[in-house]
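This report describes one protein chain for a reader who is new to structures. Please look at the model below before reading on.

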Amino acid sequence: MVFVTFFVSCEKIFELKKMKCQTGKNSYSTKSLAETALIDIHIHRNFPPEQGPQDVYQCEFCGEWHFTSKSTSRNVRLQEMIDSGEMRRLQQARRWE
Ligand SMILES: [Zn+2]
């Protein structure tokens, strides 16, 4: 009986790990990775600050990190890039590539 319980819980963990997120969004395993990708997408798609995804959140379904465009506040790292002018500099540099 103990063995059976153990087997079932192992299988459940395996299912969770291979399960694709039902939101269908790109997922990132850490907040830091998601933030880096968030900044990257703003640079590469040349978004004005208020457009595109604004922040990252940990998903209740898959436990990984996704972008959100509905956030009322902007991600701190993204905001710092905009405030410092670094975002505009990188976006402009990208045009000449
Ligand atoms: Zn998810």
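Among contacts in the protein chain between residues at least 6 apart in sequence, 54% join residues that are at least 24 apart. The model is a predicted one. The protein chain has 97 residues, and 15% of them are buried.

**Elements of the chain**

The protein chain contains four helices and two strands. Read from the N terminus, the order of these elements is α-α-β-β-α-α.

**The two strands**

Strand β1 covers residues 55-58, and four bridges join β1 to β2. The two strands run antiparallel. Within this pairing, Val 56 has Phe 67 of β2 as its bridge partner, and Tyr 57 has His 66 of β2. Together β1 and β2 form a hairpin, with six residues between the strands.

Is Gln 58 buried or exposed, or something in between? Gln 58 counts as partly exposed, because 13 other C-beta atoms lie within 10 Å. Leaving aside neighbours within four places in sequence, Gln 58 is in contact with Gly 63 and Trp 65.

**The nonpolar core**

In soluble globular proteins, nonpolar side chains tend to be buried together. Which residues make up the largest nonpolar core here? There are nine: Tyr 28, Ala 34, Leu 38, Val 56, Trp 65, Phe 67, Leu 78, Met 81 and Met 87. Three elements each supply at least two residues of this core, namely α2 (31-45), β2 (65-68) and α3 (76-83).

Leu 38 is one of the core residues. Not counting residues up to four places away in sequence, Leu 38 touches Pro 53, Val 56, Phe 67, Asn 75 and Leu 78.

**Two helices in contact**

Two packed helices are described by the angle between their axes and the distance between the axes. For α2 and α3 the angle is about 35° and the axes are 9 Å apart. The crossing of α2 past α3 is right-handed. On the α2 side the contact is made by Glu 35, Leu 38, Ile 39 and His 42, and on the α3 side by Arg 77, Leu 78 and Met 81. By type, the residues of the contact of α2 with α3 are four nonpolar, one polar and two charged.

Ala 37 is also placed in helix α2. Ala 37 is partly exposed, because 16 other C-beta atoms lie within 10 Å.

**Residues in the loops**

The loop between α2 and β1 holds Pro 53. Why does Pro 53 count as buried? The reason is that Pro 53 has 22 C-beta neighbours inside 10 Å, and a residue is buried if 20 or more lie within that distance. Not counting residues up to four places away in sequence, Pro 53 touches Leu 38, Ile 41, Phe 67, Thr 68 and Ser 69.

Asn 46 lies in this loop between α2 and β1 as well. Although Asn 46 is not a glycine, Asn 46 has a positive phi of about 60°. Asn 46 is partly exposed, because 15 other C-beta atoms lie within 10 Å.

Another loop, between α1 (2-18) and α2, contains Thr 23. With 13 other C-beta atoms within 10 Å, Thr 23 is partly exposed. What does Thr 23 touch, not counting residues up to four places away in sequence? The residues are Cys 59, Phe 61 and His 66.

**Pairs separated in sequence**

The table gives some pairs of residues, with the separation along the chain and the distance between their C-alpha atoms.

| Pair | Separation along the chain | C-alpha to C-alpha distance |
|---|---|---|
| Pro 53 and Ser 71 | 18 residues | 8.4 Å |
| Ala 37 and Val 56 | 19 residues | 9.7 Å |
| Gln 58 and Ser 27 | 31 residues | 9.3 Å |
| Thr 23 and Phe 61 | 38 residues | 8.2 Å |

Methods:
Residues numbered from 1 in each chain as written. Predicted model: local features only at pLDDT ≥ 70, side-chain atom pairs only at ≥ 80, totals over all residues. Core = buried A, V, L, I, M, F, W, Y, C linked by C-beta atoms within 7 Å. Buried ≥ 20, exposed ≤ 12 C-beta atoms within 10 Å, placed from the backbone. Contact = placed C-beta atoms within 7 Å. Pairing = 2+ DSSP bridges. Axes fitted to C-alpha atoms, helices over the stretch in contact; angles between N-to-C directions. Left-handed = near helix turned anticlockwise from the far one by under 90°. Nonpolar A, V, L, I, M, F, W, Y, C, P; charged D, E, K, R; others polar.
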